[in-house]
Amino acid sequence: MKTTSRNAVIAGNWKMNYGPRQASEFAGEIVPELDQLVEHYPQIVPIMCPPSISLPAVREVTQAFPRIELGAQNMYFEEKGAFTGEISPAMVRELCRYVILGHSERRTYFGETDDIVNKKAQAALRHGLCPVVCIGERLEQYDAGQTEDVIRFQVQHSLAHFPADAVREVVVAYEPVWAIGTGKAATADGAGKVIALIRRLFEDRYGNEAATTLRILYGGSVTSANISEFMTHPDIDGALVGGASITHDFVEIVQKVIETLQG
Ligand code: PGA
């Protein structure tokens, strides 16, 4: 049995899938099942992150199921004003508690830098949101043996300047870019090593207590077929799930997490 004081976070990143109508239908199918599964497991935190336009529709469904958390996939760091197309931290907080920030698709297609991601993460914390900050190396960096350097740099720049007592609200997702949407997940050992490094870097920066409470997830081609491997690793606190989170497999993933916690 895995012994950790940290919660197991299973977050589903729906990406640009399911508008309000479909999102409501899908949530209606899986939310009651998820709720029943986690009923006796307060240490499991299931989070669904639909497109922000679908958040109100999904919230209607989850309202009767307070154990099921919601998150946005992005937000801007400014409070309000002339930023066409953006949503503010306060707007997100009206609907949910979590927000994914710095996903590699945001970095690749929308030019998000570590500096921008850091501003967003700080704004999230100021507004009582839990940022799920994504970091991870690209394939060419992995092949060149640069993973550790990339991670050090990203932690130093994306995850900087947090008040030490706010770190317990932060979730880090280690997502090697080469594993996202490719069906080629990292090994639990490989991901666990990087995650242990991230925890050490947090310890250097924010102290032992903050590092001990920090939740660090693995992301990249997670399904119900491989989640157990990741969850049994002592350093991995959960998963950020993309493709499998918009299918019934998300329920099976949570079921597997429960089985691994039972030992
Ligand atoms: P994937 O995506 O599970 O489809 O690989 C993970 C992610 O992008 O967070």
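This is a predicted model: local features need pLDDT of at least 70, side-chain atom pairs count only at pLDDT 80 or more; totals for chains, interfaces and linings use all residues.
In the side chain of K15, an N or O atom is 2.7 Å from an oxygen atom of the ligand. Two further distances involve the backbone: a backbone N or O atom of G181 lies 2.6 Å from an oxygen atom of the ligand, and for a backbone N or O atom of G243 the corresponding distance is 2.8 Å. Taken alone, the ligand exposes 280 Å², of which the protein buries 95%.

Attention now turns to the protein interior. In soluble globular proteins, nonpolar side chains tend to be buried together. In this model, the largest nonpolar core has 77 residues, and those with the most contacts inside it are I10, M48, I198, F202 and Y218. Helix α8, spanning residues 188-206, gives the most to this core, contributing nine residues. For Y218, when its neighbours within four places in sequence are left aside, the contacts include the aromatic residues Y174 and F230. Also among the residues in contact with Y218 are P176, A179, A185, A186, A191 and I195, together with I236, G238, A239 and L240. A second, separate core comprises 14 residues, including A11, I47, Y98 and L217.

I30 counts as buried because its relative accessible area is 0%, the cut-off for burial being under 20%. Apart from neighbours within four places in sequence, I30 is in contact with M48, H248, F250 and V251. Along the chain, I30 and V251 are 221 residues apart, yet their C-alpha atoms are separated by 6.8 Å.

The other residue, T62, belongs to helix α2, which covers residues 55-62. With a relative accessibility of 6%, T62 is therefore also classed as buried. Not counting residues up to four places away in sequence, T62 touches V31, M48, I68 and L70.

Note on methods:
Residues are numbered from 1 along each chain as its sequence is written. Side-chain values use heavy atoms; hydrogens and water are left out. A polar contact is a pair of N or O atoms within 3.5 Å; within protein, one must be able to donate a hydrogen and the other to accept it, and residues adjacent in sequence count only if both atoms are side-chain atoms. Accessible areas come from the Shrake-Rupley method with a 1.4 Å probe; for residues, only the protein chains shown count as cover. A nonpolar core is a set of buried Ala, Val, Leu, Ile, Met, Phe, Trp, Tyr and Cys residues joined through side-chain atoms within 4.5 Å. Buried means under 20% relative accessible area, exposed over 50%, partly exposed in between (1.4 Å probe, protein chains only). Helices (H or I, at least four residues) and strands (E, at least two) are DSSP runs, numbered from the N terminus. Contact means heavy atoms within 4.5 Å.
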